[in-house]
Amino acid sequence: MFRELQVMEGESADIRGERGLPCCSLDRRSFLKCAVATGAALGLAELAHPAAGIPAGAGQQKQDDSRFTVEAKFYQKLENRKIKCKLCPRECKVGDKERGYCGVRENRGGTYYTLVHSRVCAAHVDPVEKKPLFHYLPGSLAFSLATAGCNVNCKFCQNWDISQVRPEQIPADYAPPQRVAELAKQYSCPTIAYTYSEPVIFAEFLMDVADAGHEAGIRSVAVSNGYMQDEALKAAYGKMDAVKIDLKAFTESYYRDVVTGQLKPVLDSIVTLRKMGKWTEIVYLVVSTLNDSESEFRGLAQWVKTNLGADVPLHFTQFHPEYLLKNLPITPVPTLERAKAIADAEGLHYVYIGNVPGHPAQNTYCPQCRRLLVERVGFTASQMLIQKGSCPYCRHPIPGIWHT
Amino acid sequence: MNTMHSGSRREFLRTALTGAAILRTGGGTRLLSAAEPSAAPAKSRVVVARDAQLRGTGSTVDSRRMLSLLDGAMQALFDRDHPIEAWRKLVRPGELVGLKVNTLGGRGISSNLELVEAICERLQEAGINAGNIVVWDRDSDEMEHAGFHVTMGGNRVQCFGTDRVDYEQELVMHGSVGSRLSKILTQRSDVLINVPVLKDHDGAGVTLALKNMYGVIHNPNKYHPDGCNPYIADLNMLAEIRTRMRLTICDATTAMYEGGPAFKPEHSWKENALIVSQDPVALDYTGWQMIERKRAAMGLKTLEAEERAPHYIATAADAEHRLGTNDPKRISTVEI
């Protein structure tokens, strides 16, 4: 059964707003709406059944490893009981009794296992705007969950305390797929979101939860770094109704030095998602001095327009110092506005500024008549005027998933 | 649940329980600190002590012969006539001493129990209270699977994994990866005695002294890319490790030349040896050569030919790290 769930005030690993900007800093109406969502999460905790009984901060206590351990889907067996992981482009070659870079997959005698199936370390009922997904069911709630682990190691990670640990090092609950779907329904969430840490590394769990959710009429969205092999991406994110990709920079050097990953496979993943017809939004966390040059902004915008189309939303979000990048300042708002101006000038239709509450660039405007269509305050959609996927004023189609 | 076999366990407990009775003061012996060079300043001394009769006619290590083998190695390393004198150059009464063992390989290829018992015995005779000695690794279950008896509390040798006390919240970092350190290292060990095993490693090439520190951090998986290079060297640069590390006693009673780090009986051999040094880089270089010789004898390619040579050893010796020497001309190997 579901033990008391950890309430996360965070979102994807590099999105500051959800962790650092609590709902109460917003306006009254927004605060009240967020308070309702938070209340749901707290209620969830109260209703939950104790299971593993793992007190936080009291040292580690043993969890029943066996019920979280399922053979991995994406790997290749090698000689000498080694394996090659085929989940992400890292392609870890893992010896017997060792784990991959993500820390949540282990080779046991030549068979590779995920250790985090149904092993939920964080769950919360969030506004879907927190992901952020702006063109996906505005004003709705997402039952959001995570397991431990990540396949990269971003120096700015907001949630490193769950993404950069091994599953046995943090409290977790047994939450099998059907139970997650039940809880989402119970809390009136039309969507389950795989988020906070990195859903790539719990792909098997994600796939099973998505199936259970769809059977119950609940959609699924992934908040991901997109650092994934093609076959795994198609299999896992093929079950998603929308995906938000954190495109962390537009240079390989940044991916190598700050993310510990690669840019090219992420770009490939985004293109693949679009070809698959998945609703996709992109977030670019702007870190002063590291990925905030005009050439990067322009190159990114041009790439998006050429490879994905002008209608794919692009969010420039504000960095806050955290984890291993505490020496850099909060991204100045003018920097974000410069990025938006460049992307607008390149012809993208939906360019947003994130993590800056109250900024008008959080809203959605019709690219044709320029009228306000979705007003957002903080993580709340306070006004939603799109009708049947179109601008109510000029009937220009607005891409996205607008209605349940 | 697996525990130490009865004879060894009894001896281990005896040693632990009688620790207070045989407690002695250390006297005025000069102590070596971690920052000081080894006995021969110009060269790093590595002692390889062997005993072909270590197991007698059986398959298990004879505890008396192990103690004798350890004594010989320590005396040779510190140029002392008596083993306790050697230990007193290393530890001081009142200090907390951590023995970082390696238990990933289960009963087949983990730090030898008789060796750990022998070290604990000599530490106590050198003036360390039994309760101030902790035998530790990452995980208590793994330790038990390797035959160690988990013990916490009381005036006896402590034995448990980091899972029982957790990691520090604060991140430490040298190089590109940040980590949380075991509280056993930071709070229970003034002195660190490293007790790794001589093994092949599929990623790093070999796993000996330096790589055994992967068991000190919460996220060793982040240190495995690129043959663990430069990550092994970077990790050993952490002040919390460097300032505590005084000695490595590498267990080469049973060793592996291929297929590590998990136990593969088909690739193991009985070397019946200990490799002891205060220079972990020199020790790793020496152990690597022993593995290469065994590989050659078994008709296997070199680790270099297999594209998994332990380049981390050279990195650990480079100008940025200076953790020791990998220059054979600067290593004094003493075989006994």
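User: Quick one to start: is Thr151(B) buried or exposed?

Analyst: In this predicted model, Thr151(B) is buried, because its relative accessible area is 4% and the cut-off for buried is under 20%.

User: Where does Thr151(B) lie in chain B?

Analyst: Thr151(B) lies in a loop of chain B, the one that runs between helix H5 (140-145) and strand E4 (158-161).

User: And which residues is Thr151(B) in contact with, leaving aside its neighbours within four places in sequence?

Analyst: With those neighbours set aside, Thr151(B) is in contact with Arg156(B), Val157(B), Gln158(B), Cys159(B) and Phe160(B). The side chain of Thr151(B) also reaches the backbone oxygen of His149(B), at 3.1 Å. As for Val135(B), which is 16 residues from Thr151(B) along the chain, the two C-alpha atoms are separated by 9.3 Å.

User: Staying in chain B, what should the span of helix H4 be, and how far apart are its end C-alpha atoms?

Analyst: Helix H4 of chain B covers residues 113-125, and at 1.5 Å a residue its 13 residues should span 18 Å; the end C-alpha atoms are 18 Å apart, so the two values agree.

User: How many of the residues of H4(B) are buried?

Analyst: H4(B) is mostly covered, with 13 of its 13 residues buried.

User: What sits at the two ends of it, at the start of H4(B) and just after H4(B)?

Analyst: At the start of H4(B), Asn112(B) brings a side-chain oxygen to within 2.9 Å of the backbone nitrogen of Glu114(B), and just after the helix comes Gly127(B), which takes a positive phi of about 110°.

User: Switching to the interface, how many residues of chain A are in contact with chain B?

Analyst: On the chain A side 27 residues are in contact, and they meet 33 residues of chain B. Between them the two chains bury about 2,500 Å², of which 46% is on carbon and sulfur atoms.

User: How many salt bridges does the rule find across the interface of chain A and chain B?

Analyst: The rule finds two salt bridges across that interface. Arg81(A) forms a salt bridge with Glu266(B), with the closest N and O atoms 3.2 Å apart. The count of residue pairs in polar contact between chain A and chain B, with both residues at pLDDT 80 or more, is 14. On the side of chain A that touches chain B, the residues divide into nine nonpolar, nine polar and nine charged.

User: And how many salt bridges does the structure hold over all chains?

Analyst: Over all chains the structure holds 39 salt bridges. One of them is in chain B, where Lys100(B) pairs with Asp137(B) and the closest N and O atoms are 2.9 Å apart.

User: Which parts of chain B does that Lys100(B) and Asp137(B) pair tie together?

Analyst: Lys100(B) is in strand E2 (residues 97-101) and Asp137(B) is in strand E3 (residues 133-137), so the pair ties together parts of chain B that are 37 residues apart in sequence. Both Lys100(B) and Asp137(B) are buried.

User: Which residues do salt bridges that share partners join into one network?

Analyst: That network joins Asp65(A), Arg99(A), Glu106(A), Arg108(A), Arg119(A) and Glu168(A). Within it, the side chains of Arg99(A) and Glu106(A) meet in a salt bridge of 2.7 Å, N to O. Arg99(A) counts as buried at 14% relative accessibility, and Glu106(A) counts as buried at 13%.

User: How about Asp268(A) and Lys264(A), what separates them in helix H8?

Analyst: They are four residues apart in helix H8 (residues 263-275) of chain A, which means that they are separated by about one helical turn. Asp268(A) and Lys264(A) form a salt bridge whose closest N and O atoms are 2.9 Å apart, and Asp268(A) counts as partly exposed, at 36% relative accessibility.

User: Last topic: where is Asn363(A), and what does it touch?

Analyst: Asn363(A) lies in the loop between strand E16 (351-354) and strand E17 (364-365) of chain A, and with a relative accessible area of 10% it is buried. Not counting residues up to four places away in sequence, Asn363(A) touches Tyr352(A), Leu372(A), Val374(A), Glu375(A) and Arg376(A). A polar contact of 3.2 Å also joins the side chains of Asn363(A) and Tyr365(A).

Methods
Residues numbered from 1 in each chain as written. Chains lettered and ligands numbered in written order. Predicted model: local features only at pLDDT ≥ 70, side-chain atom pairs only at ≥ 80, totals over all residues. Heavy atoms only, no water. Contact = heavy atoms within 4.5 Å. Buried area = accessible area lost by both parts, 1.4 Å probe. Salt bridge = Lys/Arg side-chain N within 4 Å of Asp/Glu carboxyl O. Polar contact = N/O pair within 3.5 Å; in protein donor to acceptor, adjacent residues only side chain to side chain. Nonpolar A, V, L, I, M, F, W, Y, C, P; charged D, E, K, R; others polar. Expected span 1.5 Å × (residues − 1). Buried < 20%, exposed > 50% of the residue type's maximum accessible area, 1.4 Å probe, protein only.
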